[in-house]
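Hi,

Here is the structure I promised to send over. Have a look at it first, and then read my notes below.

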Amino acid sequence: MKNISILGATGSIGTQTLDVIRQSNGEIKLFGITANSSVDKMKEIIEEFNPKYVGMMDESCSEVIKNYCIEKNKNIEVFSGIDGLIKIATLDEIDTVVTSVVGMIGLKPTMAAIEAKKDIALANKETLVVAGELVMNKAKEMGVKILPVDSEHSAIFQSLSGYKNKDINKIILTASGGPFRGKNIDDLKEVTVKEALKHPKWNMGQKISIDSATLMNKGLEVIEAHFLFDTSYDNIEVVVHPQSIIHSMVEYKDASVIAQLGSPDMRLPIQYALNYPERKGMIAQPINFYEISQLTFEKPDMDTFKCLKLAYKAGKIGGLAPTVLNGANEEAVALLLEEKIKFLQIAEIIEECMKVFEKQYSNELTLENIINLDKSVREYIRSKWELGVNN
């Protein structure tokens with residue numbers, strides 16, 4: 001039996017992880033769960049899975065859940081805030097932590113889990129984007145496995161099975177292209193938030209859906225792949241593949257390409273990460289190759305979708321540059337969702353922040369410096385764009 005905690009149990013990855021547990025025939029036990037403020041969903045999870053520990057980021061929601069557990073006579077410890085996330089990421093009873101929270105909030109609990117020698121099923125890409133060197137070094141030091149949950153990185157991980165880095169020519173990350181594939185800058189000037197959230201293939205949370213629309217999601221994945229697979233940015237290529245059947249590929253030095261294919265269902269990489277190195281029973285619909293009319297591939301338009309170009313730039317600069325990129329993107333996406341900026345302004349804000357904070361790129365890469373710089377970037381953006389585009 002494998003005992004796990006889920007950080008971000010009510011989000012897209014979290015809820016699909018719960019489905020993997022349901023279909024595990026009792027081989028996976030849920031000990032700890034966290035959420036931000038989704039009280040009703042958390043109550044449902046408690047009733048179904050009866051975890052021993054619950055954490056809510058919002059303190060008032062934590063009190064609601066605590067009272068609910070008392071009322072229902074449930075022997076559950078309830079925690080709140082970032083300390084609660086850290087507690088549930090480091091429980092003595094667990095083997096693996098599924099980090100499916102969105103954003104920088106996942107960094108501290110992920111590092112704490114690694115230090116507590118817990119394997120990480122990583123769905124929180126921002127952790128590696130801003131602190132990849134620190135995370136991977138700490139994982140190596142503690143003998144901890146970082147198992148990718150993103151479909152693309154899981155595909156690369158599987159395609160690398162049995163091979164060594166010296167045999168790799170390049171990593172090929174596939175991208176669906178998002179809802180605006182084929183559009184130009186003029187087409188995107190007046191797109192709405194609703195249009196940006198409408199992904200053609202994947203059912204994801206709001207932040208990741210916007211990142212997919214700007215191609216920043218793929219940019220963050222490029223940086224993540226650099227650290228996960230110790231590969232130069234010059235050897236990481238993005239290919240737009242709108243059918244989302246090939247989840248990513250590895251080209252070897254003899255020009256052979258090995259790819260991982262599957263239905264666009266996140267339960268596949270989640271199940272693989274939680275059971276690695278074993279493969280379990282079929283959890284998703286198998287591909288019917290007779291029904292696939294074609295598989296197509298395109299070069300990404302990095303002039304229209306500038307976020308991808310900025311991500312490559314930040315990754316190659318290294319140091320604290322990805323911290324600025326990530327913080328600026330998170331805050332800009334939040335402003336878009338609040339309808340205070342327009343879609344194309346996301347890339348403009350990120351590019352401006354990368355210039356404004358350029359002198360800090362070479363500061364020492366520490367958790368403290370990452371957190372402080374991230375805060376400064378967000379404050380800068382809010383001070384300048386908080387009032388919205390019409391003010």
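By contact I mean heavy atoms within 4.5 Å. On that basis S176, leaving aside its neighbours within four places in sequence, touches R181, H199, S212, V240, H241, P242 and S244.

Before the rest, some housekeeping. This is a predicted model, where local features need pLDDT of at least 70 and side-chain atom pairs count only at pLDDT 80 or more, while totals for chains, interfaces and linings use all residues. Residues are numbered from 1 along each chain as its sequence is written, and side-chain values use heavy atoms, with hydrogens and water left out.

Back to S176: it sits in the loop between β8 and α8 (185-188). (Helices, H or I of at least four residues, and strands, E of at least two, are DSSP runs numbered from the N terminus.) S176 is buried at a relative accessible area of 12%, where buried means under 20%, exposed over 50% and partly exposed in between, with a 1.4 Å probe and protein chains only. A polar atom of the S176 side chain lies 3.1 Å from the backbone nitrogen of G178.

Now the sheet. Four strands make an open, mixed sheet in the order β9-β8-β10-β11; strands pair if DSSP finds at least two bridges between them. β9 and β11 (257-261) are the edge strands with a single partner each, so one side of each has no neighbour in the sheet. On average, neighbouring strands are turned by 20 degrees against each other, direction ignored. (Axes are lines fitted to C-alpha atoms, for helices over the stretch in contact, and angles run from 0 to 180 degrees between N-to-C directions.)

Strand β8 (residues 168-175) has seven of its eight residues buried, so the rest of the structure largely encloses it. With β9 (residues 236-240) β8 pairs in the parallel sense over five bridges, and L173 has V238 as its bridge partner there. With β10 (residues 246-252) the pairing is antiparallel, over five bridges, and L173 stands opposite S248. β10 and β11 are also antiparallel over five bridges, with V250 opposite I258. Helix α7 (residues 151-159) lies across β8, β10 and β11, at about 40 degrees to β10.

Finally, helices α10 (residues 206-214) and α14 (residues 321-337) pack at about 100 degrees with axes 10 Å apart. That makes α10 roughly perpendicular to α14 (65 to 115 degrees; under 35 is roughly parallel, over 145 roughly antiparallel, the rest oblique). Q206, K207, I210 and D211 in α10 meet N329, E330, V333, L336 and L337 in α14.

Cheers

Definitions and conventions. Polar contact = N/O pair within 3.5 Å; in protein donor to acceptor, adjacent residues only side chain to side chain.
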